[in-house]
Amino acid sequence: MFEIDPDKPNIPALARILSGMGILSMIASVMSLLLAFSRYTWVNEIYAMAGAVGAFLLALLFVGQAKTLELLAVVSARLKSRFAIEALAKSVPGAPPSTPAPPQSFARPAAHKERVIHVPDDQARQQGFKVR
């Protein structure tokens, strides 16, 4: 879970921080569990057990979010490389297209409409444009 893989991209700093906090919370959970069963007079067993469960849930939350952020970095790197490869393949002359063109019988001609914006003549002259 916390290994370093050279094939993966750099893990975001926030994911490393969350992983560390998850490990610390897991250690705190074990310590609280040990205190709950220690029979010391100054330890309230109910609070110690509740603290152990709470720290364990907090550790699960931290580690889960860290792994999610790590996987988002992996997905982002894969998408970037895929788009880079597709762009490179499109730029190579003579390369087959990556997606086949639709058949002509199903293709609709695209009616291209130009966008015309009307500006009054006096306002155009004020802006420095030539009026036709």
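1. A definition comes first: a patch is made of residues with over 30% relative accessible area and no salt bridge, and nonpolar side chains are joined into a patch within 5 Å. The model under discussion is a predicted one.

2. On the surface, a nonpolar patch is formed by M26, L33, F37, M49, V53, F56, L57 and L60, whose accessible area together is about 730 Å². Helices α1 (13-36) and α2 are the elements that give two or more residues to this patch. Helix α2 supplies the largest share, namely five residues.

3. M49, one of the patch residues, lies in helix α2. Its relative accessibility is 31%, so M49 counts as partly exposed. The patch rule asks for over 30%, and the value of 31% for M49 should be read with that cut-off in view.

4. As to the overall architecture, the chain has three helices and zero strands. Along the sequence the pattern reads α-α-α. Among the contacts in the chain with a separation of 6 or more, 63% are between residues 24 or more positions apart.

5. The chain has 132 residues, and 15% of them count as buried. Its accessible surface is about 11,700 Å², and carbon and sulfur atoms account for 65% of that surface.

6. Which side chains meet in a salt bridge? The partners are K67 and E70, with an N to O distance of 3.6 Å; the cut-off for such a pair is 4 Å. The count of salt bridges comes to one. Side chains of opposite charge can pair when their charged atoms come close. Both residues belong to helix α2 (residues 45-91), and because K67 and E70 are three residues apart there, about one helical turn separates them.

7. Is E70 buried or exposed? With a relative accessibility of 11%, E70 counts as buried.

8. W42 counts as exposed, at 63% relative accessibility, whereas Y40 is partly exposed, with a relative accessible area of 45%.

Methods: Residues are numbered from 1 along each chain as its sequence is written. This is a predicted model: local features need pLDDT of at least 70, side-chain atom pairs count only at pLDDT 80 or more; totals for chains, interfaces and linings use all residues. Side-chain values use heavy atoms; hydrogens and water are left out. Helices (H or I, at least four residues) and strands (E, at least two) are DSSP runs, numbered from the N terminus. Buried means under 20% relative accessible area, exposed over 50%, partly exposed in between (1.4 Å probe, protein chains only). Patches are made of residues with over 30% relative accessible area and no salt bridge: like charges are joined within 9 Å, nonpolar side chains (Val, Leu, Ile, Met, Phe, Trp, Tyr) within 5 Å. Accessible areas come from the Shrake-Rupley method with a 1.4 Å probe; for residues, only the protein chains shown count as cover. Contact means heavy atoms within 4.5 Å.
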